Amino acid sequence: MILQDIKNRLNETRNWYIVLTSPRREKKAKETLDNKGVITYLPTIRVKRQWKERTREIQIPAVNRCIFIYATEVEIETLKDTYPTLPIEMAEEGN
């Protein structure tokens with residue numbers, strides 16, 4: 001990206017949203033959104049998993065089926081056809 005393009009994107013009004021994904025598809029959905037130029041955040045945690053006699057440390061999403069995105073209204077409108085999205089305030093109301 002050119003520096004001017006980055007500056008223009010910073011001047012746009014953005015909000016945090018939650019994108020809901022299919023089960024165990026968080027990383028693939030994040031990659032797809034990154035390729036579309038959307039600012040994403042997928043928190044992960046390290047866990048140890050054991051398969052038969054082999055133990056391995058892997059990273060898994062901290063929140064199942066959710067990716068957090070920082071997007072404009074225009075970006076959200078284009079994503080609504082592909083992914084269900086919620087404003088971050090909806091998550092706070094559930095408490």
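## Overall layout

What pattern does the protein follow when read along the sequence? The answer is α-β-α-β-β-β-β-α-β-α, built from four helices and six strands. Here helices (H or I, at least four residues) and strands (E, at least two) are DSSP runs, numbered from the N terminus.

Before we look around, please note that this is a predicted model, in which local features need pLDDT of at least 70, side-chain atom pairs count only at pLDDT 80 or more, and totals for chains, interfaces and linings use all residues. Residues are numbered from 1 along each chain as its sequence is written, and side-chain values use heavy atoms, with hydrogens and water left out.

## Surface and contacts

The protein has 95 residues, and 27% of them are buried. Buried means under 20% relative accessible area, exposed means over 50%, and partly exposed lies in between (1.4 Å probe, protein chains only).

A contact means heavy atoms within 4.5 Å. Among contacts between residues at least 6 apart in sequence, 68% join residues at least 24 apart.

## The nonpolar core

In soluble globular proteins, nonpolar side chains tend to be buried together. In this model, the largest nonpolar core has 12 residues, including Tyr17, Val19, Leu33, Ile69 and Tyr83. Such a core is a set of buried Ala, Val, Leu, Ile, Met, Phe, Trp, Tyr and Cys residues joined through side-chain atoms within 4.5 Å.

Leaving aside residues up to four places away in sequence, Ile69 touches Trp16, Tyr17, Val38, Ile76 and Leu79, among others.

## A hairpin and a buried threonine

Strand β3 (residues 44-51) pairs with strand β4 (residues 54-61) in the antiparallel sense, over eight bridges. Two strands count as paired if DSSP finds at least two bridges between them. One of the bridge pairings joins Arg49 to Arg56 in β4. β3 and β4 form a hairpin with two residues between them, and Lys52 in the turn has a positive phi of about 50°.

Thr21 sits in the loop between β1 and α2. Thr21 counts as buried because its relative accessibility is 5%. Not counting residues up to four places away in sequence, Thr21 touches Glu26, Ala29, Arg65, Cys66 and Ile67.

## Salt bridges

There are five salt bridges in the structure. The term means a side-chain nitrogen of Lys or Arg within 4 Å of a carboxyl oxygen of Asp or Glu. One of them joins the side chains of Arg14 and Glu75 at 3.0 Å, N to O. This pair links distant parts of the chain, 61 residues apart: Arg14 is in the loop between α1 (3-10) and β1 (15-20), and Glu75 is in helix α3 (residues 73-79). Both Arg14 and Glu75 are buried.

Another salt bridge joins Asp34 and Lys30 at 2.8 Å, N to O. Because Asp34 and Lys30 are four residues apart in helix α2 (residues 26-35), about one helical turn separates them. Asp34 is partly exposed at 33% relative accessible area, and Lys30 is partly exposed at 23% relative accessibility. Glu77 and Lys80 also meet in a salt bridge, at 3.7 Å, N to O. Glu77 is partly exposed, with a relative accessible area of 47%, and Lys80 is partly exposed at 45%.
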